[in-house]
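Hello,

Here is the structure I promised to pass on. My notes on its strands follow below.

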Amino acid sequence: QVQLVESGGGLVQPGGSLRLSCAASGLPSSNRNMGWFRQAPGKDREFVAAISYSGGNTRYADSVKGRFTISRDNGKKTVYLQMNNLKPEDTAVYYCNAALVLATRGPYWGQGTQVTVSS
């Protein structure tokens, strides 16, 4: 049974920072590339960032490049998303994902964690 559990979301002012975590369990070895996606109300779910199993390869959406950093700790089976200089347009539910191919939408999703950026 695969479980991906996100945490770390909350309310933050523009320019602030948050760090999201995704704790994984039961992932098959064929789906070890991890990613973060987000979805705002009424909008499609969009790619945010991805990281290979080794951590040596990362990908970022242009909208977050330079502000967000994805990382992972395989010993803790946890993936992180450090979000700095947050903007109101970053407001969304953030989802953790596990995939066969880096930066693609894999079959495994977490329940999501809400991030709200507002004054």
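**Strand pairing**

Strand β4 (residues 33-39) pairs with strand β5 (residues 46-51) over five bridges, in the antiparallel sense. A strand here is a DSSP run of E with at least two residues, numbered from the N terminus. Two strands count as paired if DSSP finds at least two bridges between them.

This is a predicted model: local features need pLDDT of at least 70, side-chain atom pairs count only at pLDDT 80 or more, and totals for chains, interfaces and linings use all residues. Residues are numbered from 1 along each chain as its sequence is written, and side-chain values use heavy atoms, with hydrogens and water left out.

Back to β4 and β5. G35 has A50 in β5 as its bridge partner. The hairpin of these strands has six residues between them, and G42 takes a positive phi near 75° there.

β5 also pairs with strand β6 (residues 58-60), antiparallel, through three bridges. I51 is bridged to T58 in β6. This pair is a hairpin too, with six residues between the strands. In its turn, G55 has a positive phi of about 85°.

Now the open sheet. Four strands make it up, in the order β1-β3-β8-β7, with antiparallel pairing. β1 (3-7) and β7 (68-73) are at the edges with a single partner strand each, so one side of each has no neighbour in the sheet. On average, neighbouring strands are turned by 15° against each other, direction ignored. That angle is taken between axes, which are lines fitted to C-alpha atoms (for helices over the stretch in contact); angles run from 0 to 180 degrees between N-to-C directions.

I70 sits opposite L81 in β8.

Best wishes
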